[in-house]
Amino acid sequence: MSNSIKTAVVIGATGYVGSSIVQELVNQGQVKLIRCTSRDVEKANWLKDLCRDGTCQIEIAALHLNEGEKTLEQLQTVMTGGDVVFFCAGHEEQSPSTIDFMVSSAVSVIEAAKVTSVGTVVLTSSGGSTNPQGLKDSTPKSELLHFSDPDLQISRGRYSPAAKTLMEIKAFEAVGRNHKNEIVDIGLATTESTPRLVIMNPNLILGPQIDPSPIIKGNSLPWMVQILKKERMAEYVPNDSMSIIDVRDLAKLHIAAAVNEEASGRYYGVNQSYAWREILQEFHSILPTFYQPPPLNPDEDYGSKIPTQFDHTRKNSLGVTLRPLHETLVDLVDFFQSRNALT
Ligand SMILES: NC(=O)c1ccc[n+]([C@@H]2O[C@H](COP(=O)([O-])OP(=O)(O)OC[C@H]3O[C@@H](n4cnc5c(N)ncnc54)[C@H](OP(=O)(O)O)[C@@H]3O)[C@@H](O)[C@H]2O)c1
């Protein structure tokens, strides 16, 4: 059953993922009002240009996360009247404070949804929460079965993925479910004010940045620039794989899950995992004179390494067609060139 969204709230709308969700909501043409949040309302005004033809209204509201009562009050104000809230604020600093930020922000959003009757909460998490120790690359990863161990992640100083693992656990608890999305508190899970919870688990997100600033920002794009300029990954091709999705397709998955009343729990925001050898060769085919991949490491057996496998059933149930890697990387390179990032 599908549910039309008239008013959407996007928390973290200025970010790479958040702005792509705003753009896709505009493209799909159903939403009448998109309320976007930022810590700096003035600097976020460019978001209003994403709907120039006036088919929907884009509002910018101030929001400072992780500031206790003040945050809850601000959340209730911005979420009032919303049908769905997309929570895509976050950062990946390897610090214990990242855990506190992600957990308290996501739980506050869910608690505010209960008070404001927002029916659906979609959280942008990461694939960092889906890696149990010892899982073989050949075993398809499943959203319902595979969870990282947050204590192990913390003991290894992996605070950013631990933050996502714990954010998910606490968010599920807040809607009466466990990490497998099973109902464990029937009263809470079935109360009308408890929102439907959807979680997206992407790994590497690529594709054009919507933020018009000349600076290449965010958690993934600066790293790609460094690779193309041979400032990183210059010695050998890594004998490893990377799970990738186009940011525009990830936005579509978020929205598809928001409108589908049956959607609940985690969904991989991943097209597939590609060997680095393939990714770097694609970059070479797009920029044949600018970018030459580094050599293969003679000490590595590239043929025996299997890219990470995924069970795509749940993601496919959302009905979004994902772009091939080549198209994503062509558009990414075009974007970098438009910002003079490859000089
Ligand atoms: N990019 C990737 O490849 C990738 C991969 C996997 C998972 N993720 C996860 O996806 C989420 C979104 O990533 P992204 O790449 O879109 O991040 P981003 O571009 O850095 O955007 C982060 C957003 O969070 C908001 N924010 C940060 N601190 C805030 C605070 N204290 N109060 C309120 N808002 C705050 C920022 O808003 P203002 O600055 O306007 O206030 C901004 O809109 C993150 O949790 C990230 O870890 C990203």
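Reply: A polar contact here is a pair of N or O atoms within 3.5 Å. The model is predicted, so local features need pLDDT of at least 70 and side-chain atom pairs pLDDT 80 or more, whereas totals for chains, interfaces and linings use all residues. Residues are numbered from 1 along each chain as its sequence is written, and side-chain values use heavy atoms, without hydrogens and water.

Gly15 takes part through its backbone, where an N or O atom lies 3.0 Å from an oxygen atom of the ligand. Thr14 instead brings a polar side-chain atom to 2.6 Å from a ligand oxygen, and in the side chain of Arg39 an N or O atom is 2.7 Å from an oxygen atom of the ligand. Of the 890 Å² of accessible area (Shrake-Rupley, 1.4 Å probe) that the ligand has on its own, the protein covers 87%. Two elements, α1 (16–28) and α3 (96–116), each give two or more residues to the shell; helices are DSSP runs of H or I with at least four residues, strands are E runs with at least two.

Altogether 25 residues surround the ligand (a heavy atom within 4 Å), and Thr14, Ser38, Arg39, Glu92 and Asn203 are the closest. By class, 10 residues of this shell are nonpolar, 12 polar and 3 charged, with Gly counted as polar.

As for α3, its 21 residues reach 30 Å from first to last C-alpha, close to the expected 30 Å, which is 1.5 Å times one less than the number of residues. Ser117, with a positive phi near 60°, follows α3.

An unreviewed UniProt entry lists residues 12–132 as "domain: NAD(P)-binding", though such annotations may be inferred rather than shown by experiment. This stretch is 37% helix and 17% strand, and its end C-alpha atoms are 29 Å apart.

How values were computed. Polar contact = N/O pair within 3.5 Å; in protein donor to acceptor, adjacent residues only side chain to side chain.
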